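Subject: Structure for you to look at

Hello,

Here is the structure I promised to pass on. Please open it first, then read my notes beside it.

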Amino acid sequence: MTLSTNPDFKYDIEEVWLPVSENVLAWEKDFHQLMLDDQIRMKAYKSAIGEAVKPGMVVLDLGTGTGILGLWALQAGAKYLYAIEVNADVIPKAIATFEGGGFADRYQILHGFSNEINLPNKVDLIISEIIGNLGDNENFIPILSDARKRFLKQDGGMLPRTVRSRLVPVSAVKAHQQVAAKQCRTLNANYNLTELMERLSVKSPFNLYYDAIIPRSCYLSEPKTARNFYFDGCDQAIYGAELTYIVTANGIFTGFKGSFIAELSESVVLDISGDDIDARTTSDSWKHCYLPLQDPLNVECGDEIQLHFTRSYPSLLDSPFRQCYRWNGKVTRHGKVISSFSQSTGNIE
């Protein structure tokens, strides 16, 4: 398992991609390989696991995928590893990863959703990477809250330790034009925008978020924290956030950029907001989250953007990953409302 990026994988600034966090159960070998080739992801997690895992620990790798995080835990001295994975097709790869590393007698893989699984013993550390580019758009709060309660020893630890999701208004004109034209790049034919919109009951392409690298040059203000997650059993999966931004540059307001900062371990922090494609400060697998507005608006320095951002679970969607986001608000100039906006991923009751 190398830490180098795949030189054949190319993408451009503001290039719109299908949101992979809305297709968790469809992930297959191409996306798993993309994660393995993601340099900032791999380096950060390898360093954090090497720091957090102490010799003799029993570790749970929740959402093991190809098994690379679990392998690093074993190499760091874990006495035993439990690995949970919902996708049966990738389990043979995880087995090959563990056994190829010489740990045939020190792991157990359990297939299924973690909330339907029981472990023989509680663990010292839970490792996971069920983080979407908006933070919780792979539904980590109910999953990890349940895992913490049922699987973790009283004095055990979580990796990541915290995640902070951030939002900033942007002028991403190229990305907006692609959304309007339903031009959306995908890894392969297994990922399809039309099918995704039908599954989410979405009629407008603007009622969906996308993966895209949105550079800092597109920012209309400074990023603000939408939500902090501490994985202490008290985090809420349904919430609302009120954010106010003062526009610092004239531009066309086309939506919001979402990203996260994760404290993986005591000294390792993973920030996916980077935008230098050539230097690979960007994440190949996460990219950024682009939440578009259907109707762009010319804004001026000093304008105020008020955002009401919410996360909910509409019953209309029959999926364990059925979370929906709404971003609505208004723009004021000299105290007068000049425009309002309201978008949501799917039908919200």
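Start with Phe309. Leaving aside its neighbours within four places in sequence, Phe309 is in contact with Leu134, Leu167, Ala226, Tyr239, Gly240, Ala241, Leu291, Tyr325, Arg326 and Trp327. Contact means heavy atoms within 4.5 Å.

A word on the source. This is a predicted model, where local features need pLDDT of at least 70, side-chain atom pairs count only at pLDDT 80 or more, and totals for chains, interfaces and linings use all residues. Residues are numbered from 1 along each chain as its sequence is written, and side-chain values use heavy atoms, with hydrogens and water left out.

**The cores**

Phe309 also belongs to the largest nonpolar core, which has 84 residues. A nonpolar core is a set of buried Ala, Val, Leu, Ile, Met, Phe, Trp, Tyr and Cys residues joined through side-chain atoms within 4.5 Å. Buried means under 20% relative accessible area, exposed means over 50%, and partly exposed lies in between (1.4 Å probe, protein chains only). Tyr45, Leu167, Phe256, Leu270 and Phe309 touch the most other members. Helix H2 gives the most to this core, with seven residues. A second, separate core has 33 residues, including Trp17 and Leu193.

Helices (H or I, at least four residues) and strands (E, at least two) are DSSP runs, numbered from the N terminus.

**The sheet**

Ala241 is the bridge partner of Phe309, which lies in strand S13. S13 covers residues 304-312, and eight bridges join it to S9, running antiparallel. Two strands pair if DSSP finds at least two bridges between them. The open sheet has four strands in the order S9-S13-S14-S15, with antiparallel pairing. Strands S9 (239-246) and S15 (336-344) stand at the edges with a single partner strand each, so one side of each has no neighbour in the sheet. Neighbouring strands are turned by 15° against each other on average, direction ignored. Axes here are lines fitted to C-alpha atoms (for helices over the stretch in contact), and angles run from 0 to 180 degrees between N-to-C directions.

Which residues of H4 are buried? In this helix (residues 91-100) they are Ile91, Ala94, Thr97 and Phe98. They cover an arc of only 115° around the axis, which puts them on the same side of H4. The arc is that of the directions from the helix axis to the C-beta atoms. An α-helix has 3.6 residues a turn, so residues three or four places apart point the same way. The buried residues of H4 pack against helix H3 (68-75), strand S2 (80-85) and strand S3 (107-111). Pro92 and Gly100 are exposed on the face turned away from the buried side. Just after H4, Gly102 has a positive phi of about 90°.

Helix H1 (residues 29-36) buries Phe31, His32, Leu34, Met35 and Leu36. Their cover includes helix H2 (39-52) and H3.

Cys324 is in no disulfide either, as the nearest cysteine sulfur, in Cys289, is 13 Å away. Cys301 is exposed, at 53% relative accessible area. Cys324 is buried, at 1% relative accessibility.

Best wishes

How values were computed
A disulfide is a pair of cysteine sulfur atoms within 2.5 Å.
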